[in-house]
Amino acid sequence: MSIDYHIHTPLCNHAREGMDKYIKKAVSLGLKEICFLDHFTICDSGKILSMNTNEIPMYFYAVKYFADKYKKKIKIKAGLEIDFNLKHIDLINKIVNTYNFDVIGSSVHFLNDINIVSRKYAKSACRFDADILYHKYYQQLEKMLSFDYFDLICHFDIVKKFNQYPVKSFKKQINNILEKVALKNIAIEVNTSGIYHPVSAIYPDLEIIKECKKKNISLCAGSDAHHPNVVGQNFDLAKKLIKSAGYSHLCGFKNRKKYEIAMT
Ligand SMILES: [Zn+2]
Ligand SMILES: [Zn+2]
């Protein structure tokens with residue numbers, strides 16, 4: 001695959017190495033497009049866990065600087081991975097409307113300020129029961145879909161990260177969500193980071209990707225790199241999975257507009 005639309009930077013406080021190292025890695029792999037999709041995470045309390053609001057302009061213009069510097073070698077897009085938080089939609093909208101990002105990704109990592117994708121949570125004794133966890137997670141995704149500030153849903157089924165599986169089937173709820181995704185004409189991300197997580201699988205499952213195909217939903221792809229070595233990793237596996245669901249194209253974004261990219 002020739003794109004990687006999910007790359008972090010040290011601004012999120014848990015990624016390593018400068019932007020130029022990620023770019024050089026992408027160029028060395030022959031990628032045609034990459035997108036920095038760093039976190040913006042605000043808790044219910046208002047505490048910001050990612051780059052702060054006053055760091056967003058620096059981040060945005062740094063990406064633009066590198067996009068220009070490397071324009072003959074690779075297309076570099078500016079994006080944000082925003083944690084959905086119902087209590088802070090006004091701030092999220094303000095950020096999205098202030099900067100001319102190419103793409104806004106939306107994620108659910110937190111349920112009531114509990115980081116359900118952290119190792120600390122996975123080890124804690126007060127983990128949610130799987131049925132409750134899945135119910136709450138997909139309920140959040142459904143709520144998120146009543147807003148329009150994003151173009152892409154990141155790691156759609158990351159709730160499976162620590163191999164917790166529900167007894168109850170969530171197929172119907174997932175299909176309802178995908179129905180809304182199709183109506184909104186936004187994209188779903190195929191994220192390879194799950195290969196290194198306990199689940200050892202790509203997000204989302206093939207079954208969900210097949211449902212996306214049925215509903216004519218565009219797919220984008222990203223490594224979720226927090227280190228340059230991870231850029232483009234396991235894309236062969238992702239490509240196989242995506243093609244097996246019948247896709248021949250992925251999508252990219254410019255100025256929040258989606259366009260098709262042939263899979264190579
Ligand atoms: Zn994420
Ligand atoms: Zn990410």
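Me: What makes the contact between the side chains of K214 and E211 a salt bridge?

Reply: The model is a predicted one, in which local features need pLDDT of at least 70 and side-chain atom pairs count only at pLDDT 80 or more, while totals for chains, interfaces and linings use all residues. Residues are numbered from 1 along each chain as its sequence is written, chains are lettered from A and ligands numbered from 1 in the order in which they are written, and side-chain values use heavy atoms, with hydrogens and water left out. A salt bridge is a side-chain nitrogen of Lys or Arg within 4 Å of a carboxyl oxygen of Asp or Glu. K214 and E211 meet at 3.5 Å, N to O, so the pair qualifies under that rule.

Me: Why are K214 and E211 said to be separated by about one helical turn?

Reply: They are three residues apart in helix α7 (residues 206-214), hence the separation of about one turn. Helices here are DSSP runs (H or I, at least four residues) and strands are runs of E with at least two residues, both numbered from the N terminus.

Me: Which of the labels, buried or exposed, applies to E211, and which to K214?

Reply: Buried means under 20% relative accessible area, exposed over 50%, and partly exposed in between, with a 1.4 Å probe and protein chains only. E211 has 11% and is therefore buried. K214 has 66% and is therefore exposed.

Me: What else does E211 touch, leaving aside its neighbours within four places in sequence?

Reply: E211 is in contact (heavy atoms within 4.5 Å) with N175 and L178. Its side chain also makes a polar contact of 2.7 Å with that of K215. A polar contact is a pair of N or O atoms within 3.5 Å; within protein, one must be able to donate a hydrogen and the other to accept it, and residues adjacent in sequence count only if both atoms are side-chain atoms. E179, E211, K214 and K215 are linked in a network of salt bridges.

Me: How many salt bridges does the rule give, and what makes K180 and E142 one of them?

Reply: The count comes to 14. The closest N and O atoms of K180 and E142 are 3.7 Å apart, and this pair links distant parts of the chain, with K180 in helix α6 and E142 in helix α5 (residues 130-144), 38 residues apart. K180, at 34% relative accessible area, is partly exposed, and E142, at 23%, is partly exposed as well. Another salt bridge joins E17 to K21, with the closest N and O atoms 3.1 Å apart.

Me: What is the strand order of the open sheet, and how do the strands pair?

Reply: Seven strands run in the order β1-β2-β3-β4-β7-β8-β9, with parallel pairing. β1 (3-7) and β9 (219-222) stand at the edges, each with a single partner strand, so one side of each lacks a neighbour in the sheet. Two strands pair if DSSP finds at least two bridges between them, and two bridges join β7 to β8 (residues 187-191). In this pairing, I153 stands opposite I188 and L152 opposite A187.

Me: Why is β8 called largely enclosed by the rest of the structure?

Reply: Five of its five residues are buried, hence the description of β8 as largely enclosed. On one side of β8 these are A187, E189 and N191, and on the other I188 and V190.

Me: How do you know whether Y59 is buried or exposed?

Reply: Y59 has a relative accessible area of 1%, so it counts as buried. Y59 lies in helix α2 (residues 56-69). Not counting residues up to four places away in sequence, Y59 touches residues including T9, L11, M19 and F101.
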